[in-house]
Amino acid sequence: MLERMKELLKRKDLCVMATESEGVPHCSLMSYAVSEDGREVWMLTRAETKKYRNLLANPNVSLLVDTRGERQPRAMALTVSGRFESPGSPEREAGIRRCLIERHPDLEELAKDPAAPVVVIRIRSFQLLDGITEAHFRDLDGGE
């Protein structure tokens with residue numbers, strides 16, 4: 001089931017990201033890419049945005065990826081819980097920027113702006129709703 005969850009995350013490229021600050025939630029539609037191992041989601045934003053300020057204040061984040069608009073018998077919704085991190089090194093950040101441009105050519109201008117931070121979400125858990133009643137949960141912090 002974990003591989004099915006990761007496959008859905010990798011297949012799609014838009015999500016709703018929920019952040020929070022001072023008890024007030026905030027949702028943003030985001031383009032993203034996924035690490036090869038399916039344990040990180042990468043995005044770009046501008047430093048002055050509410051979502052980025054929220055991530056700095058509270059690194060806990062939730063992402064929603066779903067299959068609306070796809071022709072299939074049952075809709076699926078994947079909730080990803082994770083934690084915001086920095087890329088860690090300039091080389092890694094440059095690699096993530098290249099990956100994001102490859103996946104989303106429309107992000108090229110933003111990706112070339114060194115003042116636009118790379119957002120790394122380290123995935124902690126997945127919850128997949130498959131149809132109306134079938135739900136599956138996987139905690140990555142507790143091991144795979």
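A salt bridge is a side-chain nitrogen of Lys or Arg within 4 Å of a carboxyl oxygen of Asp or Glu. This predicted model holds 10 salt bridges. Its largest nonpolar core has 26 residues.

**Nonpolar cores**

- In the largest core, the residues with the most contacts inside it are Leu9, Tyr32, Val41, Met43, Leu63, Leu78 and Phe126.
- At least two residues of this core come from each of these elements: helices H1 (2–11) and H2 (50–57), and strands S1 (14–21), S4 (40–44), S5 (60–66), S6 (76–85) and S7 (118–130).
- Strand S7 gives the largest share, five residues.
- Leu9 touches residues from several places in the sequence, including Tyr32, Val41, Leu78 and Phe126.
- Another core, of 11 residues, lies apart from the largest one. Trp42, Leu44, Val118 and Val120 are among its members.

**Helix H2**

- Lys51, Tyr52, Asn54 and Leu55 are the buried residues of H2.
- They lie on the same side of H2, because they cover an arc of only 160° around the axis.
- Leu56 and Ala57 are exposed on the other side of H2.
- The buried residues of H2 pack against strands S1, S2 (24–31), S5, S6 and S7.

**Glu40 and Arg92**

- Side chains of opposite charge can pair when their charged atoms come close.
- Glu40 and Arg92 form a salt bridge, with their closest N and O atoms 2.2 Å apart.
- Glu40 lies in strand S4 and Arg92 in helix H3 (residues 90–103), so this pair ties together parts 52 residues apart in sequence.
- Glu40 counts as buried because its relative accessibility is 5%, under the 20% cut-off.
- Arg92 is partly exposed, at 31% relative accessible area.

**Asp66 and Arg68**

- Asp66 sits in strand S5 and is buried, with a relative accessible area of 16%.
- Its salt bridge partner is Arg68, with the closest N and O atoms 2.7 Å apart.
- Arg68 is exposed, at 63% relative accessible area.
- Asp66 also touches Lys12, Met76 and Ala77.

**Arg74 and Glu134**

- The side chains of Arg74 and Glu134 meet in a salt bridge of 3.0 Å, N to O.
- Arg74 lies in the loop between S5 and S6, and Glu134 in strand S8 (residues 134–139), so the pair ties together parts 60 residues apart in sequence.
- Arg74 is partly exposed at 38%, and Glu134 is partly exposed at 30%.
- Salt bridges with shared partners join Arg4, Arg74, Asp130 and Glu134 into one network.

Terms used
Residues numbered from 1 in each chain as written. Predicted model: local features only at pLDDT ≥ 70, side-chain atom pairs only at ≥ 80, totals over all residues. Heavy atoms only, no water. Core = buried A, V, L, I, M, F, W, Y, C linked by side-chain atoms within 4.5 Å. Buried < 20%, exposed > 50% of the residue type's maximum accessible area, 1.4 Å probe, protein only. Helix = DSSP H or I, 4+ residues; strand = E, 2+ residues; numbered from the N terminus. Contact = heavy atoms within 4.5 Å. Arc of directions from axis to C-beta. Lists of a residue's contacts leave out its neighbours within four places in sequence.
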